[in-house]
Amino acid sequence: MGVSTSPPEKGPEKDGIAVVTVDFPPVNALPVDGWFALADAVRAAGRDPGVRCVVLAAKGRGFNSGVDIKELQAGGPEALVGANRGCFEAFSAVYECEVPVVAAVRGFCLGGGIGLVGNADVVVASEDAVFGLPELDRGALGAATHLSRLVPQHLMRALYYTSRTVTAAELHAHGSVWRVVPRDELNAAALELAREIAAKDGELLRLAKAAINGIDPVDVRRSYRFEQGFTFEASVSGVADRVRDRFGKEEA
């Protein structure tokens with residue numbers, strides 16, 4: 001359990017790929033420490049001169065279901081501040097990774113998962129992958145910055161306000177998912193793309209990543225930090241607790 005970094009299971013040892021894998025059973029809802037561990041792993045992989053591409057993957061039922069709600073409920077304001085900072089660091093680490101990051105998404109990609117995928121360079125997804133921000137159902141806000149990188153503006157708003165999800169096939173139609181493959185082919189498809197990227201000159205790839213980030217129309221760090229201010233406001237005003245206390249009970 002936790003965050004691990006390894007070379008691909010198959011292929012040449014020196015193919016320039018690092019696979020960062022998240023494993024927090026049962027649904028990959030990350031605790032505060034998990035977000036910081038993920039940030040550290042991605043940054044370390046990007047700094048490694050032998051790495052030319054990072055694959056961000058997950059074990060278990062789905063890619064990511066966001067923050068650990070139970071930890072927030074039990075930990076009070078300190079847990080919220082920790083989760084905010086942890087998510088900020090993890091999302092930033094993916095965006096700022098010195099080499100391209102390929103996200104391999106299967107199953108659910110919700111909440112904080114959107115922050116990771118929205119900041120990745122390329123997304124490969126399984127046919128059963130679904131993407132969404134159920135934040136309003138969970139007493140939270142945030143990651144609209146990253147959802148805006150996956151879908152057009154008005155669709156982002158509709159998804160955000162309704163907490164609905166979209167499929168991998170729908171995101172592929174919008175051009176934000178590179179390939180959609182059967183679940184058992186996901187790892188191979190992600191590594192195939194990663195190897196194609198990693199075949200380029202390492203120094204030039206790092207320059208390309210910096211150049212592309214430099215021409216982004218939106219500063220994702222500042223934009224997401226602005227959103228987090230409203231997450232904190234919802235918490236201190238009591239709105240977040242009111243919604244979280246209802247979470248799961250209405251369905252029951």
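Is Cys97 buried or exposed, and what is its relative accessible area? Cys97 is buried, with a relative accessible area of 3%; buried means under 20% relative accessible area, exposed over 50%, and partly exposed in between, with a 1.4 Å probe and protein chains only.

This is a predicted model, in which local features need pLDDT of at least 70 and side-chain atom pairs count only at pLDDT 80 or more, while totals for chains, interfaces and linings use all residues. Residues are numbered from 1 along each chain as its sequence is written, and side-chain values use heavy atoms, with hydrogens and water left out.

1. Cysteines. A disulfide is a pair of cysteine sulfur atoms within 2.5 Å, and by this rule the count comes to 0 disulfides. Cys53 is in no disulfide, and the nearest cysteine sulfur, that of Cys97, is 8.5 Å away. Cys97 is likewise in no disulfide, its nearest cysteine sulfur being that of Cys53 at 8.5 Å. Cys53 is buried, with a relative accessible area of 0%.

2. Helix 7. Helices (H or I, at least four residues) and strands (E, at least two) are DSSP runs, numbered from the N terminus. The expected span of a helix is 1.5 Å times one less than its number of residues. Helix 7 has 13 residues and should span 18 Å, and its end C-alpha atoms are 18 Å apart, which agrees. Its buried residues are Leu186, Ala189, Ala190, Leu191, Leu193, Ala194, Ile197 and Ala198. An α-helix has 3.6 residues a turn, so residues three or four places apart point the same way. The cover over the buried residues of helix 7 includes strand 2 (17-23), strand 3 (53-58), strand 4 (101-105), strand 6, strand 9 (179-181) and helix 8; contact here means heavy atoms within 4.5 Å.

3. Largest pocket. On a 1 Å grid over the protein atoms alone, a pocket is an open set of points with protein on both sides within 12 Å along at least five of seven lines, a cavity is a set where a 1.4 Å probe fits but cannot get out, and lining residues have an atom within 4 Å of a point. Grid points are joined across faces, edges and corners, and a volume is the space filled by probe spheres set on the points. The largest pocket has a volume of about 490 Å³. It is lined by 24 residues, and the closest to its centre are Ala120, Asp121, Val122, Arg149 and Ile212. At least two lining residues come from each of helix 3 (112-119), strand 6 (122-126), helix 7 (186-198) and helix 8 (202-214). Helix 8 gives the most, with 5 residues.

4. Ala, Val, Leu, Ile, Met, Phe, Trp, Tyr, Cys and Pro count as nonpolar, Asp, Glu, Lys and Arg as charged, and the others, Gly among them, as polar. The lining of the largest pocket divides into 13 nonpolar, 5 polar and 6 charged residues.

5. Largest cavity. The structure holds 2 cavities of 30 Å³ or more. The largest cavity has a volume of about 280 Å³. Of its 22 lining residues, Val67, Cys87, Glu135, Ala140 and Leu141 lie nearest its centre. Helix 2 (69-96) and helix 9 (220-236) are the elements that give two or more residues to this lining, and helix 2 gives the most, with 7 residues. By class, the lining of the largest cavity has 11 nonpolar, 8 polar and 3 charged residues.

6. Second largest cavity. About 30 Å³ of space lies in the second largest cavity. Its lining includes Phe88, Phe91, Asn119, His146 and Arg221. Helix 2 gives the most to the lining of the second largest cavity, with 4 residues. The classes in this lining are 5 nonpolar, 3 polar and 1 charged.

7. Backbone points to check. A cis peptide bond joins Pro25 and Pro26, with omega about 5°; Pro26 lies in the loop between strand 2 and helix 1 (32-47). Ala143 has a positive phi of about 70° although it is not a glycine. Ala143 lies in the loop between strand 7 (130-132) and helix 4 (144-147) and is buried, with a relative accessible area of 4%. Ser163, also not a glycine, has a positive phi near 65°. Ser163 is found in the loop between helix 5 (153-162) and strand 8 (165-167) and is buried, with a relative accessible area of 13%.
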